[in-house]
Amino acid sequence: MMRYCSTRGGVHGWDFRDVLFSGYAPDGGMFMPETVPVLGPDTLRCWKGLPYSKLVVEVASLFVPAHLIPRDDLEVLVGKAFSGFSVPEIIRVARLKEGLSVLELFHGDTLAFKDLAMTCTVHFLDYFLRKENGRATVLVGTSGDTGGSAIQSAKGLPGLDVVVVYPRGRVTPVQEKHMITCLEDNVHVFAADGSSDDIDQPLRRLFADQQLVRSYGLMSLNSVNWSRVMIQLAHFIYAYLELSGMEQAAAGSDLPELEVVVPTGGAGNIAAGYIVKQMGLPLKLVAMVNSNDIVHRTVTTGDFSMAPSVTQTLAPAIDIQDPYNMERVFWLLLGRDGNSVKSMMEKFQSSHRHILPEHHRKLLSQAVSTGTVNDEGILETMRRCWKENQYVLCPHTAVAVWHHYHCPHSPGLNRCYIATASPAKFQAAVLKAGLTFDLPEPVLALDKLPTRSQNLERSLNWCKDWEDRLKECIQSVSTVRNNLGTYYT
């Protein structure tokens, strides 16, 4: 039976339901499976050709015991989760010139890859809440895409309240409208005068308050939540099955390697990719970052340290200096040594600085390689891809695809580039590149909708002030819900 533990060693033996309804583990760590299942060549060959939704069910069933969600129920939940996607195949591969294969993950309601895991996770939550006649409050900090995806997935659900905090002035108009145009009673949106890393500070303090967490059913839908990462495993496996050329490998021979290039901010996708490597798939992972280059510096020099401030770039969803999912990667790299991870991460969180020992850095550099791209590189990549393929990249996908144009392609090694968002969400960047993109009707309709949000102003004691405001919201939401009585009938 699959059980879960904390990356910091203080929690063991939790089941999927408990982990699903959690944010950080009580010891401040992040939940991971105590054992990682290994996928052999025969299993992969059986999965080859499965529709993406069926593949998600196969992957999820490895981590979600059937006594918690029976297989038939799991298939129904995943089917419902993907029912609103704009293409029947859910995700698809754009095969462009010169071996440029782009895995499009952005065909959900908010046009970002977050919709894939978010919709599934919210349906899992709703499943348990209905069975238990329960309620929960989701607290989400977002750099742009996660907030809108959480809101669109959970709006109107009677057992779930959603509190979202986004950095005012640091998201695109479409990202903002996906959040503030939702007027459902269970949605509460705050615009903070700071960066997404600033927002993480009061949120960590709220999740560390175990009395608050227990009293109000407080949980996270950021990629802190294991379920989000679990679903993301599927698109790495899908990419491998579609693009590695494994079907051409002779029986009994080694499986071919696939290079997967990922635009990286909070490192949830890279953590998922590394877990898939642990599951036996021969992936070569490349984490591409923008000018917020902490992951690149960590891999290349061991400097796991935040810059003095977050740099605003054309790829705002990865304008992050705290790549919190790297904790999961460190835990796997260090042989699941919770004490070492706890020491490292507590030092990093208190001082925003940690220098990896050289042998740790070498382990990391063997697991993932990196590159960094500035805004001019983003624009140059968008222009070149359009010129050669008549294909418009979003600026985040351009961070990944820059690697295609600037790093020699090894003979015999297939590559996949992760497209995390539609260019429709980043019109200013598209225009700055001198390109045009026809906006889909749902995006145009956002301009006509009323909006609602609250401000979190920057004060001398802003972190404590924001914490108090958010706690007040969480408590008042719970009071209102209690007065309304039962959620599910």
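## Side-chain pairings in a predicted model

The structure holds 0 disulfides, a disulfide being a pair of cysteine sulfur atoms within 2.5 Å. This is a predicted model, in which local features need pLDDT of at least 70 and side-chain atom pairs count only at pLDDT 80 or more, while totals for chains, interfaces and linings use all residues. Residues are numbered from 1 along each chain as its sequence is written, and side-chain values use heavy atoms, with hydrogens and water left out.

Cys182 takes part in no disulfide, and the nearest cysteine sulfur, which belongs to Cys473, is 14 Å away. With 7% relative accessibility Cys182 counts as buried, a word used here for residues under 20% relative accessible area, with exposed meaning over 50% and partly exposed the range in between (1.4 Å probe, protein chains only). For Cys394 the closest cysteine sulfur is that of Cys385, and the distance of 11 Å is too far for a bond. Cys394 is buried as well, its relative accessible area being 1%.

### Aromatic rings

A pair of aromatic rings is described by the distance of the centres and the angle of the planes. Rings of Phe, Tyr and Trp (its six-membered ring) pair if their centres lie within 6.5 Å; planes under 30 degrees apart count as stacked, over 60 as edge-to-face and the rest as tilted. The structure holds 13 aromatic pairs. One of them is formed by Tyr24 and Phe207, whose rings are edge-to-face at 6.4 Å centre to centre, with 65° between the planes. This pair links distant parts of the chain, since Tyr24 lies in the loop between helix H1 (16-20) and strand S2 (31-33) and Phe207 in helix H8 (residues 196-208), 183 residues apart. Here helices (H or I, at least four residues) and strands (E, at least two) are DSSP runs, numbered from the N terminus. Tyr24 counts as buried at 13% relative accessibility, and Phe207 counts as buried at 6%.

How are the rings of Phe304 and Phe330 arranged? Their centres are 5.3 Å apart and their planes stand at 80°, so the pair is edge-to-face. This pair, too, links distant parts of the chain, with Phe304 in strand S11 (residues 303-305) and Phe330 in helix H13 (residues 326-333), 26 residues apart. Phe304 is buried at 1% relative accessibility, and Phe330 is buried at 3%.

Elsewhere, one aromatic cluster is made up of Tyr52, Phe82, Phe85 and Tyr238. Rings also meet charged groups: the charged end of Arg17 sits over the ring of Phe21, 4.1 Å from its centre, and that of Arg458 sits over the ring of Trp462, 4.1 Å from its centre. A charge sits over a ring if NZ of Lys or CZ of Arg is within 6 Å of the ring centre and within 35 degrees of the ring normal.

Phe63 lies in helix H3 (residues 52-63) and, at 0% relative accessibility, counts as buried. Leaving aside neighbours within four places in sequence, Phe63 is in contact (heavy atoms within 4.5 Å) with several residues, among them Met2, Tyr4, Phe16, Trp226 and Met279. By comparison, Asn374 is 311 residues from Phe63 along the chain, and their C-alpha atoms are separated by 38 Å.

### Salt bridges

A salt bridge is a side-chain nitrogen of Lys or Arg within 4 Å of a carboxyl oxygen of Asp or Glu, and by this rule the count comes to 26. Three of these are set out below.

| Glu58 | Arg71 | 2.7 Å |

Glu58 is partly exposed, with a relative accessible area of 21%, as is Arg71 at 34% and Glu75 at 32%.

Is Arg297 buried or exposed? At 15% relative accessibility, Arg297 counts as buried. Salt bridges that share partners join Arg297 with Asp293, Asp303 and Arg353 into one network.
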